[in-house]
Amino acid sequence: MSLTVKQSRPKKCRVAGCRATFVPAQPFQTWCSPDCAVAIIRQRQEKQRKSFAQRERREIKVRKEALKSRGDHLKDAEKAVRDYRRTYELSIGSGCMSCGESQESILAAQGWKTGGAFDAGHFLGKGARPELRLEPSNIWLQCKACNSGSYMHARKGYTVSQGFRTGLIARIGLEAVEALEADHEPRKHTVDELKAITAEYRAKTRELKKGQAA
Ligand SMILES: [Zn+2]
Ligand SMILES: [Zn+2]
């Protein structure tokens with residue numbers, strides 16, 4: 001039986017920027033030099049720090065979600081429905097409901113605006129008509145200028161809200177618009193229902209975007 005120590009096979013240094021070939025003194029050695037050993041330790045610490053930070057962010061998110069009030073959930077649900085309505089109306093080529101301008105001309109005039117040139121706006125405002133706040137048929141595509149109310153008389157002789165009504169009548173008919181205006185049925189959503197609405201509309205938006213990307 002031979003007593004000579006088995007000569008280790010040469011390895012490549014594990015450090016990405018190095019990759020030098022070396023003969024390890026120990027079987028577990030993955031570094032070619034003390035400098036590369038330090039580099040490996042630093043890499044490992046960085047990885048641990050990142051995974052710790054990630055776990056912490058996840059926990060903060062869970063805690064925040066648990067602290068949300070009913071009003072916060074209502075806001076989430078409204079944002080989800082609006083995002084879906086905006087994405088959908090853009091996808092079928094609609095223009096602004098209030099001024100009647102096409103997507104192309106709005107983009108040319110307002111494309112520089114932060115968050116894009118388009119919003120989804122309520123036909124009947126949520127202040128006066130809170131029961132229609134989450135009603136998809138009350139939420140339509142508007143350009144940023146009309147949504148902020150600054151684009152007065154965009155349709156000849158009309159205010160933004162008059163223009164909205166005119167555009168909506170052209171789109172869904174007078175009967176449907178009057179039915180919406182007459183709808184005063186209170187919607188008293190529970191927190192669980194609001195969460196379900198948020199999840200449903202986020203999923204619908206995701207589906208729509210997936211279809212567009214394909
Ligand atoms: Zn090395
Ligand atoms: Zn407009």
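Q: What makes the protein chain one of two domains, and where do their bounds run?
A: The assignment gives domain 1 as residues 21-67 and domain 2 as residues 68-213, and such bounds come from an automatic or database domain assignment. The C-alpha centres of domain 1 and domain 2 lie 46 Å apart. This is a predicted model, in which local features need pLDDT of at least 70 and side-chain atom pairs count only at pLDDT 80 or more, whereas totals for chains, interfaces and linings use all residues. Residues are numbered from 1 along each chain as its sequence is written, while chains are lettered from A and ligands numbered from 1 in the order in which they are written.

Q: Why is C96 called buried?
A: A residue is buried if 20 or more other C-beta atoms, placed from the backbone, lie within 10 Å of its own, exposed if 12 or fewer do, and partly exposed in between. C96 has 32 C-beta neighbours inside 10 Å and therefore counts as buried. C96 is found in the loop between α2 and α3 (103-110), where helices (H or I, at least four residues) and strands (E, at least two) are DSSP runs numbered from the N terminus.

Q: With which residues is C96 in contact, leaving aside its neighbours within four places in sequence?
A: Contact requires C-beta atoms, placed from the backbone, to lie within 7 Å of each other, and on that basis C96 is in contact with E101, I106, L141, Q142, C143 and C146. The C-alpha atoms of C96 and I106, which are 10 residues apart along the chain, are separated by 8.1 Å.

Q: What makes up the largest nonpolar core?
A: A nonpolar core is a set of buried Ala, Val, Leu, Ile, Met, Phe, Trp, Tyr and Cys residues joined through C-beta atoms within 7 Å. The largest such core has 27 residues, and V81, C96, W140 and C143 are those with the most contacts inside it. At least two residues of this core come from each of α2 (70-91), β3 (118-122), β4 (139-143), α4 (144-147), α5 and α7 (191-213), with the largest share, five residues, supplied by α2. A second, separate core of five residues includes C13, W31, C32 and C36.

Q: Why are α5 and α6 called oblique, rather than roughly parallel or roughly perpendicular, to each other?
A: Helix α5 (residues 160-172) and helix α6 (residues 174-182) pack at an angle of about 120 degrees, with their axes 7 Å apart; the axes are lines fitted to C-alpha atoms over the stretch in contact, and angles run from 0 to 180 degrees between N-to-C directions. Angles under 35 degrees count as roughly parallel, over 145 as roughly antiparallel, 65 to 115 as roughly perpendicular and the rest as oblique, and α5 and α6 are therefore oblique to each other.

Q: Which residues of α5 and α6 meet?
A: R165, L168, I169 and I172 in α5 meet L174, A176 and V177 in α6.

Q: How do you know that E185 is exposed?
A: E185 has 8 other C-beta atoms within 10 Å, and is therefore exposed. E185 has its place in the loop between α6 and α7.

Q: Why is T205 called partly exposed?
A: T205, which is found in helix α7, has 19 C-beta neighbours inside 10 Å and therefore counts as partly exposed. Not counting residues up to four places away in sequence, T205 touches D83, Y84 and T87.

Conventions. Contact = placed C-beta atoms within 7 Å.
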